[in-house]
Amino acid sequence: MQNITISGNLISDARLFNDQSGKEYMSFRVAVNDIRKGEKNTTYYDVTASKTGVMDYLKKGQGVIVSGKLTIETIDKDGKSFVNINVFARDLELYGQQRANA
């Protein structure tokens, strides 16, 4: 595992889940856009973090900066290979539009 910092936008609202010991975590997916030579590429990161007070702000479109441990796993399914890019967040910062549930 290596450390990484990404900056992008949530593509859906964050979700809560419990691990086997009952500890609460939140998960969300971040889209990071990269433009090189006029061509736009998007990489998606699955992020897991301990539940914090910012959960209500982690809504689709919210800008975030995430620092944490990067893991990459390759999955072979039906003759095709898929790569999952996962980050376990150590630090989480919100930027841009912030919305909370009323």
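**View 1. The hairpin of β3 and β4.** In this hairpin, two residues lie between the strands, and K37 takes a positive phi near 50°. Helices and strands here are DSSP runs numbered from the N terminus (helices are H or I with at least four residues, strands are E with at least two). The model is a predicted one: local features need pLDDT of at least 70, side-chain atom pairs count only at pLDDT 80 or more, and totals for chains, interfaces and linings use all residues. Residues are numbered from 1 along each chain as its sequence is written, and side-chain values use heavy atoms, with hydrogens and water left out. K37 belongs to the loop between β3 and β4, and its positive phi occurs in a residue other than glycine. K37 is exposed, at a relative accessible area of 88%. Exposed means over 50% relative accessible area, buried under 20%, and partly exposed in between, with a 1.4 Å probe and protein chains only. Strands count as paired if DSSP finds at least two bridges between them.

**View 2. The loop between β5 and β6.** D78 is placed in this loop. Its phi is positive, about 55°, although D78 is not a glycine. With a relative accessible area of 71%, D78 is exposed.

**View 3. The hairpin of β2 and β3.** Five residues lie between the two strands of this hairpin, and G22 takes a positive phi near 95°. Strand β2 covers residues 15–18 and is joined to β3 by four bridges, the two strands running antiparallel. F17 has Y25 in β3 as its bridge partner.

**View 4. β1 beside β3.** β1 and β3 run antiparallel and are joined by two bridges. L10 stands opposite V30 in β3. In a regular strand the side chains alternate between the two faces of the sheet.

**View 5. Surroundings of F28.** F28 is found in strand β3 and stands opposite V47 in β4. The C-alpha atoms of F28 and V47 are separated by 5.3 Å, with the two residues 19 residues apart along the chain. F28 is buried, its relative accessible area being 5%. Leaving aside neighbours within four places in sequence, F28 is in contact with L10, A14, Y45, D46, V47, L58, V66 and L92. Contact means heavy atoms within 4.5 Å.

**View 6. The largest nonpolar core.** This core has 20 residues, and those with the most contacts inside it are I6, F28, V30, Y45, V47, L58 and V66. At least two residues of the core come from each of β1 (2–10), β3 (24–36), β4 (39–50), β5 (63–77) and β6 (80–95). A nonpolar core is a set of buried Ala, Val, Leu, Ile, Met, Phe, Trp, Tyr and Cys residues joined through side-chain atoms within 4.5 Å. Apart from neighbours within four places in sequence, V66 is in contact with I4, T5, I6, F28, V47, V87, A89, D91 and L92.

**View 7. Q2 in strand β1.** Q2 is placed in strand β1 and is exposed, with a relative accessible area of 51%. Neighbours within four places in sequence aside, Q2 is in contact with G68, K69 and L70. Q2 and M55 are 53 residues apart in sequence, and their C-alpha atoms are 25 Å apart in space.

**View 8. The protein chain as context for the close-ups.** The chain has six strands and zero helices, in the pattern β-β-β-β-β-β along the sequence. Its C-alpha trace spans about 40 × 40 × 25 Å along the principal axes. Of its 102 residues, 29% count as buried. Among contacts with a separation of 6 or more, 59% are between residues 24 or more positions apart. The accessible surface comes to about 7000 Å², 45% of which belongs to carbon and sulfur atoms. The mean positions of the 14 positive and 12 negative charges are 3 Å apart. Lys and Arg count as positive and Asp and Glu as negative, while His and the chain ends are not counted. Each charge is placed at NZ of Lys, CZ of Arg, CG of Asp or CD of Glu. Accessible areas come from the Shrake-Rupley method with a 1.4 Å probe, and for residues only the protein chains shown count as cover.
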